[in-house]
Structures are given as C-alpha cells and as structure tokens.
Protein chains: 2
Amino acid sequence: MAASVLVIDDDSTVRDSMVAFLDDYDYQVLSAACGREALQLLAERSVDAVVCDLKMPGLNGIELLEKLKQQQPLLPVIVVSGAGVMDDVVKALRLGADDYLVKPILDMEVLHHSLKKSLQRAQLEADNNAYREHLEKTNTELKRGLDELRNDQLAGRQAQLRMLPEPVLLDGIRCDHKIIPSLMLSGDFLDYFELDDKRLVFYIADVSGHGASSAFVTVLLKNLTYRLRRNLQRGSSDDLLHPSQVLARINSELLASELEKHLTMFYGVIDTATLMLEYSVGGHFPMPVLLHGDSAEYLTGRGMPVGMFREAEYQNYQLQLPEPFSLLLFSDGILEIMAEPTLNDKEALLLKVAAKSRGNLEQICGQLGIDDLPEVPDDIAMVAIGRGVL
Amino acid sequence: MAASVLVIDDDSTVRDSMVAFLDDYDYQVLSAACGREALQLLAERSVDAVVCDLKMPGLNGIELLEKLKQQQPLLPVIVVSGAGVMDDVVKALRLGADDYLVKPILDMEVLHHSLKKSLQRAQLEADNNAYREHLEKTNTELKRGLDELRNDQLAGRQAQLRMLPEPVLLDGIRCDHKIIPSLMLSGDFLDYFELDDKRLVFYIADVSGHGASSAFVTVLLKNLTYRLRRNLQRGSSDDLLHPSQVLARINSELLASELEKHLTMFYGVIDTATLMLEYSVGGHFPMPVLLHGDSAEYLTGRGMPVGMFREAEYQNYQLQLPEPFSLLLFSDGILEIMAEPTLNDKEALLLKVAAKSRGNLEQICGQLGIDDLPEVPDDIAMVAIGRGVL
C-alpha cells in the first residue's frame, strides 16, 4: 500500500510542487497550509510521515514538531526551511526530526530519498516493537503451558511419592531409600515392608524409559505387591514369599497391560530371625552390593528383564547374610553419572563408593556429587537394607 | 560507574576547557586532537560517548562520525562546530549525530545536558536490545522445557491410548467410544470386551482430577479387569460378571493404592442372547441414556463414588434392553461445555442431543460443537453400545 504523507507549508507554490512530485511517486499525499490545519487533519486520520516547513504563521514548524513527537514518537517528520537558520536546525534535530532539507529543494529526488529512509526507519522500529510484543506474548503463553504441565507432573509426582515407603527399622533391620527422578515422574520404584514379624520384603525396579508412561508401571507394581500381601493374609496365595514367582506375575501382567513397557527388578525376602536372604533377578543391573566388615561385593544371579518375553522364567537364589551387614540396591541411573570410560570401571567405582559409605545413602550421594547435579540423565534409585554397625 | 567520554578537538584551548568541565561533572574524560588519534584510541578501548569537533585537519568530524556510526551504531556522538555551516549540521544529522552544539559553547551546562540525554538514549536502546535477547533466550528455554514435558505426556498418552479398546461389533452389538482429554493424559477411562461369546462387559470411569495422577488410576482399572478376566477363565472367581463386586474391588484397591484418588464409574454386563443388562453405579453422573424408537431416558440407580469410603457397598440393577437400542455413556466433562445455567437444563439438553444422535457419537460431538473447541475444561469420554437401527 502507498505510504501517506502530510505536506505542511504556508507557501502554496512550494506546497503544490511537493504534493505534485510526491503524487507522481505514488505517495498518498495530503496537505495543510499551517500547523493548526495539520493538527486538525491528524486528529481525524493518521499518516505515515510528515514533511513540514519551519517558518509558518501561527503554530510554527518547531512547535508543531514538538506536538507531533509527543503524540507519536515514531512518526517520521522531515523539516524543510530556508538556509541560514542554524538554530532551528539544531532545535528540530533535538526534537527528533528525522531529516532537515534546505529550501529551495532543487532536486526533489532528495525529498523522496529522505522520506523513503525515514519510513524504513519507522517501519523497522515498529517491527522491532511488534517483535518484542510477540516475544512477550509467546513467553507468557509458554509459561502458562509449562506451568500447567508442571503442575500436572507435580500432582503425579506427589501421588508417586505417597506410594514410596518411609525409612523404618523393621525387626532390627534398617531400611532406607532415595530416588532422584530425571523428570518429575520417575520410572524407578522401590518398596520394603515387614511380613508377619519374621520376614522383610524389599525390591527395586527400573522401568524402561522415564516420565509419565514409565510411572504408570510403578503404580502397577505397588498394586501387585498390595494384592500379593492381601492374598498371603487371606491364605489364598504365598507368591509374595517366592521371589521368582513374583517376577513371573509381574512379567505376565505387564505384557497384558498393553503399556509396552518392561522393567528390570531385584526382589528379595529376608528371614529376620535367620538372616537367610532369598532373591530373584529380573535383568537388573547393577547387582546389589553386600557390605560386611571391610569387604564389598556384588551379589550373583541373573534373569531376563520383566515384561519383555512371555516365556521368561525366573530363578530363586539363597544367601546367608552375615551380621553386621548392609545391602545396597541401585538402579542403573547411578552408573550414568559416572565419568569412568567403561562399564567395568563404573562397577568398580560403585563398589569402592559403597564400601566407603558403610551403607549410608547420603554418604554415597556426597561421594558421587549427586546432590550438586542440576539434573540427572536417568532416574536414580537406591535402597539400603542393613543390620548392625559396619 | 562514571560514563567515559572522548573529547576530540584540534583546538587545545577548547578541548581542555571541555575536558576540565566534564571532569568536574564526574565523567571519565579522554581526549584526542584529531580524527586519527581518536580512532587509534578507540581501537584500544571503548567509551560511552564522543564529543567531536567538525572542522579538523586530516580526518574531519563528518568523516570520523561516519566511521564511528558504522562501527558502533549505538554510540552517542555529539558534534560541535562553529556557526554558519548549515550543510555540516544536516550532514551530521543524517549520519546519526545525537546532537549538534554551536561553538563557542557559552554555557557548558548545555554540553552536560546533551551528553546526559544521549547516554540515556543509548542506555535505553542497549536495555531494549538486552531485554529482547533475554526474551529470545527465555523463549528458547521455555520451548525446550515445554517440549520435554510434552513429549513425556505424549508418551504417556500413547501408552494410555493403547489401553483403550478398538470400536468393534461384538456378538451383534456395536461398541464405540470417544475420549477428548483436557490435558494430554486423561482421567477418563472406558473399556468393552466380549466374554465367552455370550456376554458383553463395558464400563466408563471418571477419575477425580485429570492429568498424570489421574491417569495412574486408569492403569489400575485396566489391570484389574485384566485380572478379573483371567480369574474367570481359570474359574477362580466370577467377580467380573457381578457389577457390584467389581466396583467393591476397585474401591478397596484404590484405597490401598495411596494415590488419594477416587472415581465415578458405571459398569455393565449384557447377556447378548437375552439382552438382559446387569449394572452397578459408583457415583457416576450423568447416568447413561437409553435410546429406543424415539424415546430417550436416563437409566436409574445410585451408589457411592469408588475409592472414597472403605465401607462403600454397591448394588446390582437389572434392565431388559429393548431391540433396537442404543445405550450412551458419558463422563461429566460433557456437561461442563454446555452453556445451560442449571444442571437440570444440562441434563435435559443431553437427553435431547442423545435422542437426535440416534446413538452416533460423532453426531453428538457435532451437535455440541466439541470438535471446534480449542480445549475442553475437563476430560470428556463417551461410549455407545447398541444393536439394530434406531
């Protein structure tokens, strides 16, 4: 669209010649013979630029310029005046005139050029402002969207936290844990609880992926162990006491869930009187670390990931725990924050860190600098089960 | 910190007087006797503003101004020159000089005032740029954060979608559904499936709240019905066939889950040979609508929300379905998008809309303009179960 220009000059000859010239250049030209007339016209409609004589009866050019710049700071104003009025030039410049042309304008191309530049400058400034407003608006919208999703995740996280156990002393055995989720919702899960005053059940599980879809599976895990406890109390099934059967049940329920998720898991039952540990391994890595005296070693055992193969079978392992002892369980997120080049090196470091910690999870976090990490690449879960002072 | 100003003038008397004056005003003042010296100095360090004489031997003020504005468009430059050189004023103005002072500067306050204004203008422009950059950076970060959470929700949503049934024709009965989640993850859930070629099980559930924490519960629902089907096949329990027992089991498992969520639910079983419907209501609202011929009516029945009270009990209702028939189930999100003032009005409208749809869910969405809504305040779920042409 053609730019509109208001030409203001009390000399009708000069005014008409500028109007005629600008008309030819496809500007949409309006004109006024004095400052008052110009202001009246501008009260009714806006223009894209103003060309203004300085010496005019009544409201002169400088006064008009001042008013215009107050009303529309971005409006390009080009002042035109006779030679030799240096003071006016300086004043006009200070008031924000975009250009100053000396009368008589012998080459009208100069006026066109000046107008073009001023209009470009004004357009650039308007674009900048529009861009900034767009950015501010987008920012607000993004923040709202993010807040909404964050609040949703937070509610999910709180629901998930409620499913986790409280650190406790069960029949003389200390149970403690820590979860550091990579997103708000974690695919790592763990639990420990006492059965009929003589058994302690505990497990750690690491669902493939992380976030909401993995968190779904942790809800199933909690529900399954709840049902197995109920069945045991009712006497309808003692699956809960047999680690391999627990893993097999989770395997089949997970495959039936259509969630397309699998997990790795370590599940154990300790007879608190004899300290006999029975456990089963569902593809879990790293294996738990057993601390006794100054020694630290990985438990042995293997088994397929849970929820991946319909025909998966799991094995029961038995181990007589020493006293005092500490058993440390980890999800594989703990290996991902280590700088060591190979998996073997990471496992060796974990063993060293575990030994030094004497079973204290905070100590492990401290050694690995976990609390100082701004975020972790994968969920990290840890469980400590122990009796006596190492 | 004091602003640094470079004063350039070949006349040492003028230069020294400006330097002395500005020194007193706590500017950090540097000086140069010509354009070349000024450029050398500026190659080594930056300044906040420049005061520059126009008439100088060698590189003159206009040429210097041009170079400076090319290098640092935002640097305030105030030109100073003798009176009567109007052309220079106009040139300096076109090149972006911030102000033009006429020599001799009788009142040095004018210089200070001009510098102050120019520095403010430059600061404002720099602040604007910094603000825009800040906005752009924040935008990028917000987008990344949002993308991460959205992708997480999307993965959860896909997992949730996999748990939903496909529209099917089961033993001559059409089953169809639609879910419009308010967030990506929905607290509404539904399912329908055939049992031993002579029964159709279907339900709709609306978990309190929405988003991730509510979606957790939908996973439990799917898992529970899976287990009840398995139990029925094994002959260990026929709870699945008794709506009130299903609701009671969900009630107790939900209370045990620690998720602190409850839900409303309608659960029904149809004998596909006799079209006898047995159902139970867990605080669900609105009730299902039964269409037959031109009549449309709400089913009757009541019961407590599920997962709220440990002692909740549920009742079985029986109804002989006519043929042809269509049974339409809704979550209460459908009422929230209606403009009607009272709940009674909304229920009346839903009945009218249902009757007009003749059991077609797309038709219902069309009538209520659901597909045109940018977002819905609460999840909306619908199930249509029917046989024959209405």
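## Terms and model

Helices here are DSSP runs of H or I with at least four residues, and strands are runs of E with at least two, both numbered from the N terminus. This is a predicted model, in which local features need pLDDT of at least 70, side-chain atom pairs count only at pLDDT 80 or more, and totals for chains, interfaces and linings use all residues. Residues are numbered from 1 along each chain as its sequence is written, chains are lettered from A and ligands numbered from 1 in the order in which they are written, and side-chain values use heavy atoms, with hydrogens and water left out.

## Chain A as a whole

Let's start with the overall picture. Chain A has 10 helices and 16 strands. Its C-alpha atoms fill a box of roughly 115 × 45 × 35 Å along the principal axes. The radius of gyration of chain A is 40 Å, whereas a compact globule of 390 residues would have one near 21 Å (the radius is taken over C-alpha atoms, and the globule rule is 2.2 Å times the number of residues to the power 0.38).

Of the 390 residues of chain A, 54% count as buried; buried means under 20% relative accessible area, exposed means over 50%, and partly exposed is in between, using a 1.4 Å probe and protein chains only. Among contacts in chain A with a separation of 6 or more, 67% are between residues 24 or more positions apart, where contact means heavy atoms within 4.5 Å.

## How the two chains relate

## Helix α1 of chain A

Helix α1 of chain A covers residues 12-24, which makes 13 residues, and it reaches 18 Å from its first C-alpha to its last, close to the 18 Å expected at 1.5 Å a residue (the expected span is 1.5 Å times one less than the number of residues). Buried residues in α1(A) are Arg15(A), Met18(A), Val19(A), Phe21(A) and Leu22(A). Seen down the axis of α1(A), these buried residues fall within an arc of 165 degrees, so they line one face of the helix; the arc is that of the directions from the helix axis to the C-beta atoms. An α-helix has 3.6 residues a turn, so residues three or four places apart point the same way.

What covers the buried residues of α1(A) includes strands β1 (4-8), β2 (28-32) and β3 (49-53), together with helix α5 (108-163), of chain A. On the face turned away from the buried side sit the exposed residues Thr13(A) and Asp24(A). At the start of α1(A), a side-chain oxygen of Asp11(A) comes to within 3.0 Å of the backbone nitrogen of Thr13(A). Just after the helix, Asp26(A) has a positive phi of about 70 degrees.

Ser114(A) lies in helix α5 of chain A and is buried, with a relative accessible area of 3%. Beyond its neighbours within four places in sequence, Ser114(A) is in contact with Ile78(A), Asp99(A) and Leu101(A).

Ser236(A) belongs to the loop between α6 (212-234) and α7 (243-256) of chain A. Ser236(A) is exposed, with a relative accessible area of 52%. The C-alpha atoms of Ser236(A) and Gly61(A), 175 residues apart along the chain, are separated by 100 Å.

Just after α6(B), Gly235(B) takes a positive phi of about 80 degrees.

In the loop between α6 and α7 (243-256) of chain B you will find Asp239(B), which is buried with a relative accessible area of 14%. The side chain of Asp239(B) makes polar contacts with the side chains of Gln245(B), at 2.8 Å, and Arg249(B), at 3.3 Å. A polar contact is a pair of N or O atoms within 3.5 Å; within protein, one must be able to donate a hydrogen and the other to accept it, and residues adjacent in sequence count only if both atoms are side-chain atoms.
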